[in-house]
Amino acid sequence: MLFRYSESLMLCFLQFGFKAHRSTDMCTMILKESVAYYVNNGSSVSCCFLDATKAFDRVEYCKLFRMLMKRRLPSVVLQLLCTMYLNHSTEVEWNGFRSVSFKVLNGVKQGGILNPIMFCVYIDDLLLLLQNSDVGCYNR
């Protein structure tokens, strides 16, 4: 599915995680080089960081599906994804005891091949908004 619909799932060039030939190490290197450039040229530098702790768990399905629809995936693929996410239930095991099964109402599953891409699709619009905000380091 990822290969077949890679065009529809294309992500902003600013995304470094979960992409072929990219890594978050590249992002860190770009940050270090940018800071060094401005500091070496006498400018002060301010940075803002986003703590994405538990980010996979906070994905809202309605928003994710809207974003997937905007990408014009075939309806059969959207239906499959909706079924996968909306019919997902789980149990918690702790200290030898298991909970009753309950529905998962948000979040993408960790460890699945498709889920990092779904998360990237989910935050892609945020990166595009930041890119178009005219804030940050860029060439004119």
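This is a predicted model: local features need pLDDT of at least 70, side-chain atom pairs count only at pLDDT 80 or more; totals for chains, interfaces and linings use all residues.
## Helices α2 and α3

Start with two helices. Helix α2 covers residues 61–70, and helix α3 covers residues 75–86. Their axes come within 11 Å and cross at roughly 170°. Angles over 145 degrees count as roughly antiparallel. Therefore α2 and α3 are roughly antiparallel to each other. The crossing of α2 past α3 is right-handed.

Which residues make the contact? On the α2 side they are Tyr61, Leu64, Phe65, Leu68 and Met69. On the α3 side they are Leu78, Leu81, Cys82, Tyr85 and Leu86. Sorted by class, this contact has 10 nonpolar residues. It has no polar and no charged residues.

## Asp124, a buried residue

Now move to helix α4, which spans residues 115–131. Asp124 is found in this helix. Is Asp124 buried or exposed? The cut-off for buried is under 20% relative accessible area. Asp124 has 4% relative accessibility, so Asp124 counts as buried.

What does Asp124 touch? Set aside its neighbours within four places in sequence. Asp124 is then in contact with Met10, Leu11, Cys12, Gln15 and Arg71. With Arg71 there is also a polar contact. It joins the side chains of Asp124 and Arg71 at 2.9 Å.

## Two residues with positive phi

Next come two loop residues. Arg72 sits in the loop between α2 and α3. Its phi is near 60°. That is a positive value in a residue other than glycine. Arg72 is exposed, because its relative accessible area is 72% and the cut-off for exposed is over 50%.

Asn95 lies in another part of the chain. Its place is the loop between strands β2 (93–94) and β3 (97–98). What is the phi of Asn95? It is near 55°, a positive value in a residue other than glycine. At 62% relative accessibility, Asn95 counts as exposed.

Ser46 belongs to the loop between α1 (24–40) and α2. Its relative accessible area is 73%, so Ser46 is exposed.

How far apart in space are Ser46 and Ser6? The distance is 36 Å, taken from C-alpha to C-alpha. In sequence, Ser46 and Ser6 are 40 residues apart.

Conventions
Residues are numbered from 1 along each chain as its sequence is written. Side-chain values use heavy atoms; hydrogens and water are left out. Axes are lines fitted to C-alpha atoms, for helices over the stretch in contact, and angles run from 0 to 180 degrees between N-to-C directions. Helices (H or I, at least four residues) and strands (E, at least two) are DSSP runs, numbered from the N terminus. Angles under 35 degrees count as roughly parallel, over 145 as roughly antiparallel, 65 to 115 as roughly perpendicular and the rest as oblique. A crossing is left-handed if the near helix is turned anticlockwise from the far one by less than a right angle, and right-handed if clockwise. Contact means heavy atoms within 4.5 Å. Ala, Val, Leu, Ile, Met, Phe, Trp, Tyr, Cys and Pro count as nonpolar, Asp, Glu, Lys and Arg as charged, and the others, Gly among them, as polar. Buried means under 20% relative accessible area, exposed over 50%, partly exposed in between (1.4 Å probe, protein chains only). A polar contact is a pair of N or O atoms within 3.5 Å; within protein, one must be able to donate a hydrogen and the other to accept it, and residues adjacent in sequence count only if both atoms are side-chain atoms.
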